[in-house]
Amino acid sequence: MFDLGRTIFNTAERNPRALAIVDGKVRLTYGDWVELIGRIANGLRALGLEPGDHVVTILQNRWQMATIYWACQVARLIVTPLNWRFTSDELDYCLTDANARAVVFEAASAAALAGSECAQLIIQIALDDQQGAEHTFEALRGSDGELSPDATAEDFSLMLYTSGTTGRPKGVPRRHRVERAAAVAHVAQNRYAIAERTLGVMPLYHTMGVRSLLAMALIDGCFVCQLRFEPGAALALIARERLTNLFLVPTLYHDLLGHSDFAACDISSVRKLGFAGMAMTDGLLRRIAEAFRPELFVNHYGSSEIYTFTVDDDAPAKPGSAGKAGINQRIRVVQLGTDAVDATADVGEEGEIIAALLSDEAFEGYWRRPDADAKALKGGWYFTGDTGYIDDDGDLFVTGRVDDMIITGGENVSPGEIESLLSLHPTVAEIAVAGLPDERWGQRVVAFVKRASEVDGATLDAYCRNSSLANFK
């Protein structure tokens, strides 16, 4: 199997004139970009970085971030992207945990870096000379010589940090072969064609952003950067760059549809939609389908640890369904509270979702966190911490998190099910459901509603009681 460095070199050999990346006035073909990537890779090596070293990035979605990502693949370094909004303390923790040898930063993250004790002990690379760092991205661009990719498919490519509901973030190291397999699956499951064009706005410290970047490279496609999401600017990019697909979290679709420019924007080039990262309410799903009328609308359910769990490639046809296992995966729903991978829940019974670690897309364990491994990796399966059930058609429905489950009068209630129902009411703009302490019931189910128009609680109560919800919900 190709490593990722050879993957993008192969794309440049196949189609050097194809437009690869757009960021404002920067427009690079694969031929030009790979030449630059090689120079940056040489520059990183010239700083004394060696194969297997971690290069931390605290950058927004700009062409330099994407270039550093690919340069690390070529130079056999482990790119370790962090949220550019991190505080100094958070940065210190991750730099120390990863044994980082270098950090690449920009103006937006300069203050956090300046306050980080660990950052002062490693190589600092600024995007320009305004931050006063000894090394700059521009200086790396001037590196001479050719560098051929020398990583193997078994080398580590990337380490993402993922945060749970409690505790410090956990490093998720992933090998070249695992990352490439996930990208190939992403192309297949979203039915991308050659020369697709996508909006590169999902953060490149997030698995969705990385997957979009890799997928475009596999199909000679174009990654159109947006520094940070702003719906009006995103709509302008869709129209100007004739984007063909979007892969976003539901919140961003919500903001696109709600923007005053949406009705006048030419979105006709967008034919394929995908979402992941969180559940989408039935109401929002319906609104998006009506607005875009896409050829394909994919609900992708996965995680940083194992990219794909399940895929539903016709999300509007069965609202709430996460579909069936992806092309590289097996999934099960096991009874709540069990560690036994064979204790499968009955059809329609809510339990914990688990996924096979033999997947081509799966990680092998957290970075230096045996405690986290012991909690999540059992019997060759990854325990996701998500709750859900399998219906009569074999489709998975994700209902929430094990830790978010509301227990009222001894019954389990998933907030997401009620949120989806209430989102369909015409007076409801936004909705969140939680369990509040109650002396009699333990917890009572409470909905917090942002109104689209005038409505009172009694009306929404009656709407819920007359629905398919069980009475205790």
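Modeller: Let's start with Trp-70, which touches Leu-4, Ile-8, Trp-33, Ile-37, Leu-213, Leu-214 and Ala-217 once residues up to four places away in sequence are set aside; a contact is a pair of heavy atoms within 4.5 Å. Before going on, note that this is a predicted model, where local features need pLDDT of at least 70, side-chain atom pairs count only at pLDDT 80 or more, and totals for chains, interfaces and linings use all residues. Numbering runs from 1 along each chain as its sequence is written, and side-chain values use heavy atoms, leaving out hydrogens and water.

Trp-70 belongs to the largest nonpolar core, a group of 92 residues. A core here is a set of buried Ala, Val, Leu, Ile, Met, Phe, Trp, Tyr and Cys joined through side-chain atoms within 4.5 Å, and buried means under 20% relative accessible area (exposed is over 50%, partly exposed in between, with a 1.4 Å probe and protein chains only). The members that touch the most others are Trp-70 along with Tyr-30, Trp-33, Leu-44, Leu-246, Ile-288 and Phe-292. Helix 3, residues 63-75, gives the most to this core, ten residues. (Helices, H or I with at least four residues, and strands, E with at least two, are DSSP runs numbered from the N terminus.) Apart from this core there's another, of 23 residues, including Val-103, Ile-122, Ala-133 and Met-159.

Staying with helix 3 for a moment, Gln-64 lies in it too. With a relative accessibility of 11%, Gln-64 counts as buried, and beyond its neighbours up to four places away in sequence it touches Asp-23, Leu-127 and Phe-137.

You'll find Gly-52 in the loop between helix 2 (30-46) and strand 3 (54-58). Its C-alpha atom is 6.3 Å from that of Arg-76, though 24 residues separate the two along the chain. Leaving aside neighbours within four places in sequence, Gly-52 is in contact with Arg-76, Leu-77 and Ile-78.

Now for a hairpin. Strand 1 (residues 19-23) and strand 2 (residues 26-29) pair antiparallel over four bridges, where pairing takes at least two DSSP bridges. Val-22 has Arg-27 of strand 2 as its bridge partner. Two residues lie between these strands, and Gly-24 in the turn has a positive phi of about 60°.

Another hairpin links strand 24 to strand 25 through three residues. Strand 24 (residues 428-438) and strand 25 run antiparallel and are joined by ten bridges, with Leu-436 opposite Arg-444 of strand 25.

A pocket is an open set of points on a 1 Å grid over the protein atoms alone, where a 1.4 Å probe fits, with protein on both sides within 12 Å along at least five of seven lines; lining residues have an atom within 4 Å of a point. This one is lined by 25 residues, with Val-445, Asp-461, Cys-464, Arg-465 and Lys-473 nearest its centre. Helix 13, strand 25 (442-451) and helix 14 (457-465) are the elements giving two or more residues to the lining.

As for helix 13 (residues 415-423), seven of its nine residues are buried, so the rest of the structure largely encloses it. Among those buried residues are Pro-415, Ile-418 and Glu-419.
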